Amino acid sequence: PYYVAGQDIMVKTDNASIKTISDLNGKKVCTGEGSTTPANLTSKNVNADLTLFKTYPECAEALRQGRVEAVVTDRGILVGLVDASSRAFKLVGVNVSEEPLGIGWKKGDDAFRSFLNDRLDAIIASGEWKAAYDKTLGKLGLPPPTPPKPDRFAGTGTPPPVAATTTEPATTTTPRHSPTQPSAARLHVAPLHHLLAAPPTPHPA
């Protein structure tokens with residue numbers, strides 16, 4: 001993993017009744033569709049009245065309107081919602097779960113896996129990992145955690161050959177994202193690419 005996330009609980013700032021995970025029993029709790037939250041709460045023996053939405057801003061609005069009493073999801077998401085709430089919300093500060101986040105690559109590409117692990121080790125040792133954290137989640141008030149150690153498991157073998165593809169004639173389409181409004185994919189990939197890119201080769205003077 002390159003980061004170990006965890007789920008927390010968000011409530012209204014004046015809420016004094018929810019202080020632990022068990023306090024969610026019987027409460028109306030919002031989370032996202034397809035989230036691991038229902039399973040995580042069940043594993044903690046919590047029986048909450050769940051409301052599921054496609055997006056977490058919808059959960060935040062339901063909390064603001066009093067339709068639910070708490071929102072449970074990844075702490076990084078909740079911190080952003082708290083920051084945007086004008087002090088209407090707060091985090092309870094409990095660990096509902098611990099969820100390591102990893103990087104996907106082509107199965108069998110052991111060389112690339114080793115490159116990723118080497119770069120993670122390098123940016124952790126150099127302080128780049130913490131600097132990246134401080135510029136993102138750190139700005140929202142989350143203290144820097146201990147960086148996780150990359151998993152160096154056994155190799156998976158030589159990657160399978162790439163299947164032949166047929167090239168289709170190019171077509172012109174209207175771009176869905178303007179240069180001034182990058183897509184979500186671009187926003188997420190750019191920081192990771194910046195961290196994992198190999199250092200530039202110095203040119204002789």
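**Exercise 1. Determine whether Arg113 is buried or exposed, and identify its salt-bridge partner.**

Step 1. Arg113 has a relative accessible area of 10% and is therefore buried, where buried means under 20% relative accessible area, exposed means over 50%, and partly exposed lies in between (1.4 Å probe, protein chains only).

Step 2. The model is a predicted one, in which local features need pLDDT of at least 70 and side-chain atom pairs count only at pLDDT 80 or more, while totals for chains, interfaces and linings use all residues. Residues are numbered from 1 along each chain as its sequence is written, and side-chain values use heavy atoms, with hydrogens and water left out.

Step 3. The side chain of Arg113 meets that of Asp110 in a salt bridge, at 3.7 Å from N to O; the criterion is a side-chain nitrogen of Lys or Arg within 4 Å of a carboxyl oxygen of Asp or Glu.

Step 4. Asp110 and Arg113 are 3 residues apart in helix H4 (residues 110-126), so about one helical turn separates them. Helices (H or I, at least four residues) and strands (E, at least two) are DSSP runs, numbered from the N terminus.

**Exercise 2. Describe helix H4: its span, its buried residues and what comes just after it.**

Step 1. H4 comprises 17 residues and reaches 24 Å from its first C-alpha to its last, close to the 24 Å expected at 1.5 Å a residue. The expected span is 1.5 Å times one less than the number of residues.

Step 2. The buried residues of H4 are Asp110, Arg113, Leu116, Asn117, Arg119, Leu120 and Ile123.

Step 3. Just after H4, Gly127 adopts a positive phi of about 95°.

**Exercise 3. Characterise the disulfide of the structure: which residues form it, and which hand does it have?**

Step 1. The structure holds 1 disulfide, defined as a pair of cysteine sulfur atoms within 2.5 Å. Cys30 and Cys59 form this disulfide, with their sulfur atoms 2.1 Å apart.

Step 2. The pair links distant parts of the chain, Cys30 being in strand S2 (residues 28-32) and Cys59 in helix H2, 29 residues apart.

Step 3. The torsion about the S-S bond of Cys30 and Cys59 is about -70°, so the disulfide is left-handed.

Step 4. Cys30 is buried at 0% relative accessibility, and Cys59 is likewise buried at 0%.

**Exercise 4. List the buried residues of H3 and find what they pack against.**

Step 1. Arg75, Leu78, Val79, Leu81 and Val82 are the buried residues of H3. They cover an arc of only 165° around the axis, which puts them on the same side of H3; the arc is that of the directions from the helix axis to the C-beta atoms.

Step 2. The buried residues of H3 pack against strand S1 (3-12), H2, strand S4 (70-74) and S5, contact meaning heavy atoms within 4.5 Å.

**Exercise 5. Examine the positive phi values of Asn45 and Arg87.**

Step 1. Most residues other than glycine have a negative phi. Asn45, although not a glycine, has a positive phi of about 60°, and phi of Arg87 is near 70°.

Step 2. Asn45 lies in the loop between helix H1 (37-43) and strand S3 (49-53), and it is exposed, with a relative accessible area of 67%.

Step 3. Arg87 lies in the loop between helix H3 (75-83) and strand S5 (89-91). Arg87 is exposed at 77%.
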